[in-house]
Amino acid sequence: MKILHRVSLAGLLLIGAGSMASADDAYDKCINDSDGTNTAWGECGGAFMKREDDKLNTTWKRVFALTSDQTKTDLLAEQRAWVQFREAACQFYANGDSGREGQVLSYPACVAGVIADRTEALEGYEEDLKPI
């Protein structure tokens, strides 16, 4: 019963996350197949963030390769500012006030959402920068 309660809580936290990235199938499977411990959920969340970060890095490389001159300089400055934002984003979930579930469920979902949003923005830039 305790595991079912935690899985239900995990779903509620993710649903309540609003603009956070919706969990991908691999994250959902990981949570559902886990033993319901915070340690296991933390591993699922870490893998989720890494998948989003990998998508971002792939997109970044494509977009950055399309730029030159001042656009390259400006885009790099923007990315550096975004990295600082990402490091500060979602910390209120990680500070312990939301409990361990906030740290292992809400924080990774929030960070993954921030990363997914940046990837989407870069994909928009990519469309604008592609030669006609």
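User: What makes Cys-90 and Cys-110 a disulfide?

Analyst: Their sulfur atoms lie 2.0 Å apart. A disulfide is a pair of cysteine sulfur atoms within 2.5 Å, so Cys-90 and Cys-110 qualify. The model is predicted: local features need pLDDT of at least 70, side-chain atom pairs count only at pLDDT 80 or more, and totals for chains, interfaces and linings use all residues. Residues are numbered from 1 along each chain as its sequence is written, and side-chain values use heavy atoms, with hydrogens and water left out.

User: Which hand does the link of Cys-90 and Cys-110 have, and what parts does the pair tie together?

Analyst: The angle about the S-S bond is -75 degrees, and the link is left-handed. Cys-90 sits in the loop between helix H4 (69-88) and helix H5 (91-94), and Cys-110 in helix H6 (residues 99-129), so the pair ties together parts 20 residues apart in sequence. Helices here are DSSP runs (H or I, at least four residues; strands are E, at least two), numbered from the N terminus.

User: Why is Cys-90 called buried?

Analyst: Its relative accessibility is 5%. Buried means under 20% relative accessible area, exposed over 50%, partly exposed in between (1.4 Å probe, protein chains only). Cys-90 therefore counts as buried. Cys-110, at 12%, counts as buried too.

User: How many disulfides does the structure hold, and how are the bonded cysteines paired?

Analyst: The structure holds 2 disulfides. With the bonded cysteines numbered in sequence order, the pairing is 1-2, 3-4. Besides Cys-90 and Cys-110, Cys-30 is joined to Cys-44, S to S 2.0 Å. The torsion about the S-S bond of Cys-30 and Cys-44 is about -80 degrees, so that disulfide is left-handed. Cys-30 lies in helix H2 (residues 25-33) and Cys-44 in helix H3 (residues 38-65), so the pair ties together parts 14 residues apart in sequence.

User: Are Cys-30 and Cys-44 buried or partly exposed?

Analyst: Cys-30 has a relative accessible area of 30%, so Cys-30 is partly exposed. Cys-44 has 1%, so Cys-44 is buried.

User: How many helices and strands does the protein chain have?

Analyst: The chain has 6 helices and 0 strands. From the N terminus on, the elements run α-α-α-α-α-α.

User: How do you know that the span of H6 is close to the expected one?

Analyst: H6 has 31 residues and reaches 44 Å from its first C-alpha to its last. The expected span is 1.5 Å times one less than the number of residues.

User: What makes Ser-106 the site of a kink in H6?

Analyst: The bend at a residue is the angle between axes fitted to the seven residues ending there and the seven starting there. At Ser-106 the kink is about 35 degrees, shortly before the proline Pro-108.

User: Which residues touch the most other members of the largest nonpolar core?

Analyst: They are Cys-90, Tyr-107, Val-111 and Leu-122, in a core of 15 residues. H3, H4 and H6 each supply at least two residues of this core. H6 gives the most, with 6 residues. A nonpolar core is a set of buried Ala, Val, Leu, Ile, Met, Phe, Trp, Tyr and Cys residues joined through side-chain atoms within 4.5 Å.

User: Which residues is Leu-122 in contact with?

Analyst: Contact means heavy atoms within 4.5 Å. Leaving aside neighbours within four places in sequence, Leu-122 is in contact with Leu-56, Thr-59, Trp-60, Val-63, Leu-75 and Gln-79.
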